Amino acid sequence: MLPIINAVASLAGNWMEAKAQKSQAKQKLEVAKIEAQVSKVQQDGNWEEQAMKASDNSIKDELWTCAFILIIAGCMYPDAQPYIREGFIVLKEDCPEWLSWGILASIGASFGLKSIGAFKK
């Protein structure tokens, strides 16, 4: 009877050990995921910081801001509205894709936006 008890105890011990190893592996995976997220956040922060430093001596963002203000102000002036509407239609329908992406990239670089693709949708 003793060999049977030893065999069952051994099986139970092996099962418990395997369960503990599986639990440890899950914990290590969760820690790795969190560390990867922290690393990504740090990299994103570094990218934005570098973009801001690069634009310290640039007037691109001021020029784009002025351009947007002029467009918005022009939209309030009734005589300019048909021309602005037609201009946007041309940009949307007839503008080459490379030019659209170039405009978005320029605006994105000026304001430090990484996900210019989201604006295109």
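1. Lys33 is partly exposed, its relative accessible area being 44%. Glu30 lands in the partly exposed class too, at 42% (buried is under 20% relative accessible area, exposed is over 50%, partly exposed is in between; 1.4 Å probe, protein chains only).

2. Before going on: this is a predicted model, in which local features need pLDDT of at least 70 and side-chain atom pairs count only at pLDDT 80 or more, while totals for chains, interfaces and linings use all residues. Residues are numbered from 1 along each chain as its sequence is written, and side-chain values use heavy atoms, with hydrogens and water left out.

3. Back to that pair: the side chains of Lys33 and Glu30 form a salt bridge, 3.9 Å from N to O (the rule asks for a side-chain nitrogen of Lys or Arg within 4 Å of a carboxyl oxygen of Asp or Glu). Both residues sit in helix 1 (residues 2–54), three residues apart, or about one turn of the helix. The salt bridge count comes to one.

4. Of its 121 residues, 12% count as buried. Take the contacts between residues at least 6 apart in sequence, and 51% of them join residues at least 24 apart (contact means heavy atoms within 4.5 Å).

5. Now helix 2 (residues 60–76) and helix 4 (residues 97–111): their axes come within 8 Å and cross at roughly 120° (axes are lines fitted to C-alpha atoms, for helices over the stretch in contact; angles run from 0 to 180 degrees between N-to-C directions). The two helices are therefore oblique to each other (under 35 degrees is roughly parallel, over 145 roughly antiparallel, 65 to 115 roughly perpendicular, the rest oblique).

6. On the helix 2 side of this contact are Lys60, Asp61, Trp64, Thr65 and Phe68, and they meet Ile103, Ser106, Ile107, Ala109, Ser110 and Phe111 of helix 4. By class that is six nonpolar, three polar and two charged (Ala, Val, Leu, Ile, Met, Phe, Trp, Tyr, Cys and Pro are nonpolar; Asp, Glu, Lys and Arg charged; the others, Gly among them, polar).

7. Helix 2 also packs on helix 3 (residues 81–93), at about 130° with the axes 8 Å apart. That makes helix 2 oblique to helix 3. Here Ile71, Gly74, Cys75 and Met76 of helix 2 meet Gln81, Ile84 and Phe88 of helix 3. This contact has five nonpolar, two polar and no charged residues.

Technical notes. Helix = DSSP H or I, 4+ residues; strand = E, 2+ residues; numbered from the N terminus.
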